Amino acid sequence: MARRKESDRVQQNNDDSDSNPNDELEEEPNFDDPEEYEDDISEQDLMGDLIRQRPKETDGVESIVVIDGVPQVGPERIEKLQNVLRKLFQKFGKITNEYYPLNADGSTKGHVFIEYSNANEALEVLKGTNGYKFDKNHTFTVNLLTDFEKYNDILDKWENPVPQPFKEQGCLQYYLLEQDACDQFSVVYEQGDKVAVYLNTQPEPSLLEERPRWTETLVRWSPLGTYFATFHAKGIALWGGEKFQQIVRFSHPGVQFIDFSPCEKYLVSFSPLADSRATDEPQAIIIWDVLSGVKRRAFNADKSQALPIFKWAHDDKYFARMGLDMLSVYETPSFGLLDKKSIKVQGIRDFAWSPTDNTIAYWVGEEKDTPARVTLLELPSRNEVRVKNLFSVADCKMYWQKSGDYLCVKVDRYAKLRKDKSDIKYSGIYYNLEVFHMREKQIPVDSVEIKETIQAFAWEPVGTKFAVIHGEPPSTSVSFYEVKTGQTPTMVKKYERKPCNQLYWAPSGQFIVLAGLRAMSGTLEFVDTHDFTVMNTGEHFMATDVEWDPTGRYVATAVSWWGHKVDNAYWLWSFQGRILKRVALDKFCQLQWRPRPPSLLPAQQIKDIKKSLKKYSAQFEVKDRLKMSKASKELVEKRRKLMQEYEDLRKQKQDEYTEQRRQRIELRNNVDTDETEGRGGELEEETVEFFIKEETTFIDE
């Protein structure tokens, strides 16, 4: 607003002094809008911040649940009903208030209001008791009190959702069409800054894709090889197809661990940075639908639990987690508790799913006079098909065979037990292997006793043998046992004094690598368990990892930068132990083979092919020779091309040298140094001697 001139101000003062005193009370200005004025500015635009802070009717009631379907009882039975319901609903959290609406005659109306200490507990009640069968005639229907406002806001007129445009993903299983069944593998190097995917062709792997900063930590293939997962600060990304285009993203800040379900339908992501005690929606563990990218359910995490917290059934129908004295089994696609309740198991210590059946094996520790036990539980019937009691048990570990035919439980037994105030100490430890024959009637159990410390155990993936490393370094031994129907496992071979601490079976069985990793300097021994021939021995100094390819033809050993800061590289071996390639990469971190789905051929046909393998081997040998010959021709052609490039460059430099001869002579005072440098006779040689030091040595006669 412009300032008024001083003269105008004086003039106005003079006018005011001459005015009538009755005019001192001037009319107030009118701020009303004109009659035809229309205000097109909404309250949201004017006071959006204040409106968002306006209290809602539902504020403070997020922790209240409404349970419908409660039995209607008279005044004399209300107290008993309250005690039963209180016992049921106290499992989910602290109840701060409860209200039972009553009729005029004092009987209950059939619904109850229960308030918890926070909204998170109310959500757990909703998930755990909605649809709960209280008795034969009453099934609970549970809702949050805030749901009523949500249902009141439903539009009167239905609006069809807008269909999402179809995004062509290409063939995600294209890698299975490779004619020579060459496998792919991923490599992370330069401290994780670069990721590359190779095709394991011979004699040199072929680069398929390489990208900088493709991941921020590590990578992982899905169980069937369909997806390639990368980790980022804001979540997980899945890639696939021939060009490895992005398929889907999952937003989960701080994610550090993922786990796919066996059939790749679901993905579990875990972020230890999420606050598990938050009162809102849990964020620590999230289960996603892989195809749609939709979050199916979230859970809080107990930081004391080992990863993975959830374990999946072989067909993705169920997943389970272990809690304090209970086993919670959830079903898909509802993601609710199986039969709306957890399985009470007092003292449960660990569990494992069968790889081929919906059967859970779990073990329970000793409790006073009650022995430890291993139980096989069928689902969804919850039928205990086998229980094995165990005495003097310090610890157990369960190993399922890949085909689900056998279960081995390694039992650490003690001779003496001493209990301190805060600790339990065992002495005289020895070991038993309890082998369950899952396909036989009544599931018989055989026991194998091993007096020495068991360092490692591994089932043959396809077959009936298992291997055990036992003893103390450097005098460890490796024993092989075979399991036959109706018989106790028998030892078929024992290797004395083997410097190894890990066992790596080929995916197709029969061949095994005995590896001494890390502290054992990377010793490798390749064994054919058909006749227990040691095919070859080798060493990859300070190796940290051993990885078989899915076909069982190649083995990769690696020294990861995560384990050692020097000599980072990966080596490729044949299954017979012949070194094929050594690849050193700057700050190499990780190598992973791309998995393959199970073969569609029946077991008998695979067995027949193995028997007649010699008939096919001749064809493969001819093909390999042609491939190597082609590779040799390409190598010779490559070398010839490089030699020709060198000769052309040499001739070019010689011509330049000749053209510059006159200029060199002028710069060197008309002395042709080109000629004198070639004739040593025209040069004078001068010898200069320097006195360095004098030494005197006395020799005794």
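**Close-up 1. Asp-183 and its two side-chain partners.** The side chains of Asp-183 and Arg-596 are joined by a polar contact of 2.6 Å. A second polar contact, at 3.4 Å, runs from the side chain of Asp-183 to the side chain of Thr-551. (A polar contact is a pair of N or O atoms within 3.5 Å; within protein, one must be able to donate a hydrogen and the other to accept it, and residues adjacent in sequence count only if both atoms are side-chain atoms.) Asp-183 sits in the loop between α6 (147–152) and β7 (184–189), where helices (H or I, at least four residues) and strands (E, at least two) are DSSP runs numbered from the N terminus. With a relative accessible area of 3%, Asp-183 is buried; buried means under 20%, exposed over 50% and partly exposed in between, using a 1.4 Å probe and protein chains only.

A word on the model: it is predicted, so local features need pLDDT of at least 70 and side-chain atom pairs count only at pLDDT 80 or more, while totals for chains, interfaces and linings use all residues. Residues are numbered from 1 along each chain as its sequence is written, and side-chain values use heavy atoms, with hydrogens and water left out.

**Close-up 2. Aromatic pairs.** The structure holds 40 aromatic pairs. One of them is the edge-to-face pair of Trp-459 and Phe-466, 5.2 Å centre to centre with 70° between the planes. (Rings of Phe, Tyr and Trp, the last by its six-membered ring, pair if their centres lie within 6.5 Å; planes under 30 degrees apart count as stacked, over 60 as edge-to-face and the rest as tilted.) Both partners are buried, Trp-459 at 9% relative accessible area and Phe-466 at 0%. Tyr-570 and Phe-588 make a tilted pair, 5.7 Å centre to centre and 45° between the planes. Tyr-570 belongs to strand β43 (residues 569–574) and Phe-588 to the loop between β44 (579–584) and β45 (590–593), so this pair ties together parts 18 residues apart in sequence. Tyr-570 is buried at 3% relative accessibility, and Phe-588 is buried at 0%.

**Close-up 3. A ring cluster and two charges over rings.** Ring pairs link Tyr-266, Phe-299, Phe-310, Trp-312, Phe-319, Tyr-330 and Phe-335 into a cluster. Elsewhere, look for Lys-311, whose charged end sits over the ring of Phe-351, 4.7 Å from its centre. Arg-211 lies over the face of Trp-214, at 4.3 Å from the ring centre. (A charge sits over a ring if NZ of Lys or CZ of Arg is within 6 Å of the ring centre and within 35 degrees of the ring normal.)

**Close-up 4. The largest cavity.** Its volume is about 60 Å³, and its lining is made by Phe-257, Asp-259, Val-268, Phe-270, Ile-285, Leu-307, Pro-308, Ile-309 and Phe-310. (On a 1 Å grid over the protein atoms alone, a cavity is a set of points where a 1.4 Å probe fits but cannot get out; lining residues have an atom within 4 Å of a point. Grid points are joined across faces, edges and corners, and a volume is the space filled by probe spheres set on the points.) The strands β14 (257–260) and β15 (266–270) are the elements that give two or more residues to this lining.

Technical notes. 1 Å grid on protein atoms, 1.4 Å probe; cavity = no way out; pocket = protein on both sides within 12 Å on 5 of 7 lines; lining within 4 Å.
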